[in-house]
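Thank you all for coming this morning. I would like to take you through one protein model, and I ask you to keep it on the screen while I talk.

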Amino acid sequence: LVDHYGSDCFYCVAEATCSGHGVCGTAILPPAEPGGETWLFGGNGACICAAGYSSDDCSVNDNDCEANECAAGTCVDLVNGYECNCTGTGFEGELCEQNINDCDHNDCLNGGECHDEVNGYRCTCAEGFMGTHCDVCAADHYGALCTYCVASTTCSGHGTCVADRSAAQCDCAGGYSGADCA
C-alpha cells in the first residue's frame, strides 16, 4: 500500500513518523547534483529526510560544523549549513578570514602613526608625545605642543629647564633671574 512501510505495514504520517523534517516514501532517489538538495533515507524505508536531517525518523540535524572552514571565530550549526560568528576576534568576512583594520576607527593624535594588529592597534608617537593615542607630553616636554624644554633656549643658557608637562620653568643660575633667566 502507498504510504505504508515495514513488515507490519505501518502507515507513514510525515509530521509524526518523519519528525516534520521529511516526507513519507519508499522510493530510492539518486544522489542530488552538487549544490542541490541531498536526500537521505531512514533504515525503515519510511522517511525521505530533507537536506540537513538524517536518522530513521529525520530527527537529527546534521552537524555541519564538523567540516567548517571558519578561519577564526565560532562555527554556528544551521540546518544544512553553518555560519561563522566573528564577534570579538578582530576578523570579519563570511569565514572570519579578513583582519579588521582597527586604524580605520582609532586615531593616533599629534602626528602619531597607527599600526594595525589583530583585534587592536598601537600608536608610534611623534617626538615629544606619548600615551595610547599620543595625547600626553613626554618627560621634559611641556605645553599644548609638547615643546622640549631646552636650557639653552628656554632659559637663555643661564639656568636649568624644568618641565612638568603643562609648563616649563627655569631654575636660574646665580646672578640671573626672570622667567627666562635673562
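A word on conventions before that. What you see is a predicted model, in which local features need pLDDT of at least 70 and side-chain atom pairs count only at pLDDT 80 or more, while totals for chains, interfaces and linings use all residues. Residues are numbered from 1 along each chain as its sequence is written, and side-chain values use heavy atoms, with hydrogens and water left out.

The secondary structure comes to 2 helices and 19 strands, where helices are DSSP runs of H or I with at least four residues, strands are runs of E with at least two, and both are numbered from the N terminus. Of the 182 residues in the protein, 26% are buried; buried here means under 20% relative accessible area, exposed means over 50%, and partly exposed is in between, with a 1.4 Å probe and protein chains only. The accessible surface is about 11,200 Å², and 51% of that surface belongs to carbon and sulfur atoms, with areas from the Shrake-Rupley method, again with a 1.4 Å probe, and for residues only the protein chains shown counting as cover. If we take contacts with a separation of 6 or more, residues 24 or more positions apart account for 21% of them, a contact being heavy atoms within 4.5 Å.

Let me turn to the disulfides. How many disulfides does a search of the whole structure find? The search finds 11, a disulfide being a pair of cysteine sulfur atoms within 2.5 Å, and I will discuss some of them.

In one of them, Cys 65 is joined to Cys 75 with an S to S distance of 2.1 Å. This pair links distant parts of the chain, since Cys 65 is in the loop between strand S7 (60–61) and strand S8 (74–78), whereas Cys 75 is in strand S8, 10 residues apart. The torsion about their S-S bond is about -90°, so this disulfide is left-handed. Cys 65 is buried because its relative accessible area is 16%, and Cys 75, at 19%, also counts as buried.

Another disulfide joins Cys 86 to Cys 96, with S to S again given as 2.1 Å. Here Cys 86 is in the loop between strand S9 (81–85) and strand S10 (91–92), and Cys 96 is in the loop between S10 and S11, 10 residues apart. Both Cys 86 and Cys 96 are buried, and the torsion about their S-S bond is about -95°, so the disulfide is left-handed.

In a further pair, the sulfur atoms of Cys 108 and Cys 123 are 1.9 Å apart. Cys 108 lies in the loop between S11 and S12 and Cys 123 in strand S13, so the pair ties together parts that are 15 residues apart in sequence.

Next, the hairpins. Strand S12 (113–117) runs antiparallel to strand S13 (residues 120–124), joined by 5 bridges, where pairing requires that DSSP finds at least two bridges between the strands. His 115 stands opposite Arg 122 in S13, and Asn 119 takes a positive phi near 60° in this hairpin, which has 2 residues between the strands. Strand S18 (residues 159–163) and strand S19 (residues 168–172) are also antiparallel, with 5 bridges, and Gly 159 stands opposite Cys 172. That hairpin has 4 residues between its strands, and Arg 165 in the turn has a positive phi of about 75°.

Finally, the two single residues. Ser 54, found in strand S6 (residues 53–54), is buried, with a relative accessible area of 18%, and a polar contact of 2.6 Å joins its side chain to that of Asp 62. A polar contact is a pair of N or O atoms within 3.5 Å; within protein, one must be able to donate a hydrogen and the other to accept it, and residues adjacent in sequence count only if both atoms are side-chain atoms. Asn 101, by comparison, counts as partly exposed at 33% relative accessibility, and its C-alpha is 5.9 Å from that of Asp 116, 15 residues apart in sequence.
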